[in-house]
Amino acid sequence: MANTAYDTADQTPAASPWAAVGVSASDEAVYQAILHQPDAGPAGWALLTGASAARVRESCDRLLGVGLLQPPDSMGGLRAIDPRVAVRGLIRRRETVSELLAATAEEMATAYEAGLLREEPTRLIEVASGEGAIAARLEEMYARAEREVCLFDTPPYLAPPVRQMDLQADLLRRGIVSRGIYAAPALEDPNALSRALRMVELGEQARVLPSVPLKLLVVDGCRALLPLTASVAGGYCAVVVWHSAVTEALQKLFEMAWQQAIPLGQAADDGELSESDRTLTRLLAAGMKDEAVARHLGVSLRTLRRRVSELQERLGATSRFQLGMRASQRGWV
C-alpha cells in the first residue's frame with residue numbers, strides 16, 4: 001500500500017512528498033511494490049497493491065515516463081532505476097520547470113502592473129511622512145532587493161549611520177550588487193569617510209561627485225525612494241515610486257552620474273606614491289575641500305597646497321578634481 005503520512009493533530013492524511021515531483025499515490029504504490037518485489041511482474045505488483053493489472057501497467061508507463069523505471073531489455077522486464085539517481089533527476093526537472101514558471105510570472109507581473117497603473121495611476125506612488133515612516137520604508141526596500149541597489153548619498157540622513165551600514169552590509173552578504181555615488185561634502189566628516197571606505201572594503205562599488213542631484217535609492221531598477229521636500233524646508237516627506245517610466249528615468253539618471261563619478265577606494269600600492277600621497281589623492285578624488293583634506297592629514301593649508309601643486313604638475317592636472325580623476329585613471333585611487 002502507499003506510504004501515506006498522517007497529521008497527528010487532526011488525523012487527516014498529509015500530502016506524500018512524491019506529490020511534489022508529480023507522482024500520484026497510486027503510482028507511488030506500484031513503484032514501492034516494484035522496489036520490494038522486482039521480479040513479480042505486473043500481475044504480482046497488482047496483487048501487492050490491490051490494483052488491477054491494467055491499472056498497474058498504466059502506472060508503469062507513467063513511471064517510465066518520469067524516469068523511475070528503465071525499459072525492458074533482452075534480459076527481462078521492467079526494472080527500477082536506483083532511487084537515489086532517479087529521484088535527483090526528478091527534482092532537477094521540477095526545478096527547471098519551476099524556474100521557467102517563475103520567469104513567466106515576472107513577465108506576466110510586468111503586464112499586470114502596467115494594467116493596474118492604467119486603471120488607477122495613483123498606485124504608482126506611495127507617500128511616507130515622518131522620519132520613522134521613511135526609515136521603515138528604507139529598511140523594507142533593502143530587504144526586498146534581489147539584484148542591485150543604487151543610491152545617491154548626501155546629507156541629511158534619516159536612518160542612523162550605523163543602522164544604514166548594517167543594511168548595506170547585509171545586502172552585500174546576500175550577494176546583492178550595491179553601487180553608491182557620494183556627494184563630496186558628505187565625506188568631509190571623517191566618520192562619514194571612514195564608513196564609506198569600510199563599505200568599499202565589504203564590496204560596495206563607490207564613486208564620488210562634487211554634488212549629486214538628489215537623495216535617491218533605486219532597487220532592482222523598478223522601485224525608488226526619493227524626497228518630496230528639500231532638506232532646507234524642514235520636516236520629512238518622501239515618496240516610493242513603483243515600476244514605471246519614472247523609475248526607468250531615475251535609473252538612467254543614476255547611470256549618467258555613475259559614468260562621470262570618480263571611484264572611491266584604497267589607493268593602489270604600485271610604489272609610485274608615498275603612503276601619505278596615496279591618502280591625499282584618495283581625498284582629492286572624493287572632491288573634498290582643502291580645509292577638510294588638511295584636517296584629515298593633520299597638515300597646514302600651506303603645506304597641503306604645496307603638495308597638491310606638486311601632484312598637479314606631476315600629472316598635468318589643472319584642478320584638484322582633475323587631479324583626482326587622473327590619479328584614479330592611473331590606479332592610485
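Analyst: The model is predicted.

Next, the sides of H7. Five names to check on screen: Ala-192, Leu-193, Ala-196, Leu-197 and Met-199 are buried. Around the axis they cover an arc of only 155°, so they sit on the same side of H7. An α-helix has 3.6 residues a turn, so residues three or four places apart point the same way. Just past H7 comes Gly-203, with a positive phi of about 125°.

Now the setting. The chain holds 12 helices and 12 strands. It has 333 residues, of which 38% count as buried. Take the contacts between residues at least 6 apart in sequence: 66% of them join residues at least 24 apart.

H3 has 13 residues. From first C-alpha to last, H3 reaches 18 Å, close to the 18 Å expected at 1.5 Å a residue. Its buried residues include Val-56, Ser-59, Cys-60 and Leu-63. These cover an arc of only 105° around the axis, which puts them on the same side of H3. The face turned away from that buried side carries Asp-61 and Gly-65, both exposed. Just after H3, Gly-67 takes a positive phi of about 90°.

What does the buried side of H3 pack against? Its partners are helix H1 (25-36), helix H2 (41-49) and strand E3 (69-70). The two helices can be taken in turn.

H1 and H3 pack at about 90°, with axes 9 Å apart. Angles of 65 to 115 degrees count as roughly perpendicular, so H1 is roughly perpendicular to H3. On the H1 side the contact uses Ser-26, Asp-27, Val-30, Tyr-31 and Ile-34. On the H3 side it uses Arg-55, Val-56, Ser-59, Cys-60, Arg-62 and Leu-63. By class, the residues of this H1 and H3 contact are 6 nonpolar, 2 polar and 3 charged.

H2 and H3 cross at roughly 105°, and their axes come within 9 Å. H2 is therefore roughly perpendicular to H3. Pro-42, Trp-45, Ala-46 and Thr-49 of H2 meet Ala-53, Val-56, Arg-57 and Cys-60 of H3. The classes in this contact of H2 with H3 are 6 nonpolar, 1 polar and 1 charged. Val-56 and Cys-60 are listed in the contact with H1, and both are listed in the contact with H2.

One more pair. Helix H10 (residues 290-297) and helix H11 (residues 301-315) pack at about 100°, with their axes 9 Å apart. That makes H10 roughly perpendicular to H11. From H10 the contact takes Asp-290, Glu-291, Val-293, Ala-294 and Leu-297. From H11 it takes Leu-301, Leu-304, Arg-305 and Arg-307. This contact of H10 with H11 counts 5 nonpolar, no polar and 4 charged residues.

Conventions:
Residues numbered from 1 in each chain as written. Predicted model: local features only at pLDDT ≥ 70, side-chain atom pairs only at ≥ 80, totals over all residues. Heavy atoms only, no water. Buried < 20%, exposed > 50% of the residue type's maximum accessible area, 1.4 Å probe, protein only. Helix = DSSP H or I, 4+ residues; strand = E, 2+ residues; numbered from the N terminus. Arc of directions from axis to C-beta. Axes fitted to C-alpha atoms, helices over the stretch in contact; angles between N-to-C directions. Parallel < 35°, antiparallel > 145°, perpendicular 65-115°, else oblique. Contact = heavy atoms within 4.5 Å. Nonpolar A, V, L, I, M, F, W, Y, C, P; charged D, E, K, R; others polar. Expected span 1.5 Å × (residues − 1).
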